[in-house]
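Biologist: I'm new to this one. Can you put it up and walk me through it?
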Amino acid sequence: MIKRTITVNLSTGLEARPVAQLVQVASQFNSEIYVEVGEKRVNAKSIMGMMTLGLDAGEEVMLKVNGEDEEDAMNSIEKYLSNH
């Protein structure tokens, strides 16, 4: 398992379209992928779960990835959240 703190740098935060795109990115990987904010922990492959976080631009999240392709998954999601 790897974990990393990532700052959300999407200008709109995680609204419906960016959440859907993030879930698409996460769903490409076999690893388990979770996003944690405070006490909340949601599956990054769940649109409804991710929507409940209501993240804004500039917020930090803890990304936890566990599985055979965890490095690729972590890097792809970090790239999406940081540069999109």
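Modeller: One term before we start: exposed means over 50% relative accessible area, and buried means under 20%. Also, this is a predicted model.

Biologist: Okay. Is Met48 buried or exposed, then?
Modeller: Met48 is exposed, because its relative accessibility is 64%. Met48 sits in helix H2, residues 47–51.

Biologist: Which residues make a nonpolar surface patch with Met48?
Modeller: Ile47 and Met51. With Met48 they form a patch of about 300 Å².

Biologist: Let's go inside. How many residues are in the largest nonpolar core?
Modeller: There are 26. Leu14, Ile33, Val35, Met50, Leu63, Ile77 and Leu81 touch the most other members.

Biologist: What does Val35 contact, beyond four places in sequence?
Modeller: Its contacts there include Met50, Leu53, Val61 and Leu63. Lys40 and Arg41 are also among them.

Biologist: Switching to Lys64. Where is it, and is it buried or exposed?
Modeller: Lys64 is in strand E4. Lys64 counts as buried, because its relative accessibility is 18% and the cut-off is under 20%.

Biologist: What does the Lys64 side chain make a polar contact with?
Modeller: The side chain of Glu36, at 3.4 Å.

Technical notes. Residues numbered from 1 in each chain as written. Predicted model: local features only at pLDDT ≥ 70, side-chain atom pairs only at ≥ 80, totals over all residues. Heavy atoms only, no water. Core = buried A, V, L, I, M, F, W, Y, C linked by side-chain atoms within 4.5 Å. Buried < 20%, exposed > 50% of the residue type's maximum accessible area, 1.4 Å probe, protein only. Contact = heavy atoms within 4.5 Å. Helix = DSSP H or I, 4+ residues; strand = E, 2+ residues; numbered from the N terminus. Polar contact = N/O pair within 3.5 Å; in protein donor to acceptor, adjacent residues only side chain to side chain. Patch = residues over 30% accessible without salt bridge, like charges linked within 9 Å, V, L, I, M, F, W, Y side chains within 5 Å. Areas by Shrake-Rupley, 256 points an atom, 1.4 Å probe, with all protein chains shown as cover. Salt bridge = Lys/Arg side-chain N within 4 Å of Asp/Glu carboxyl O.
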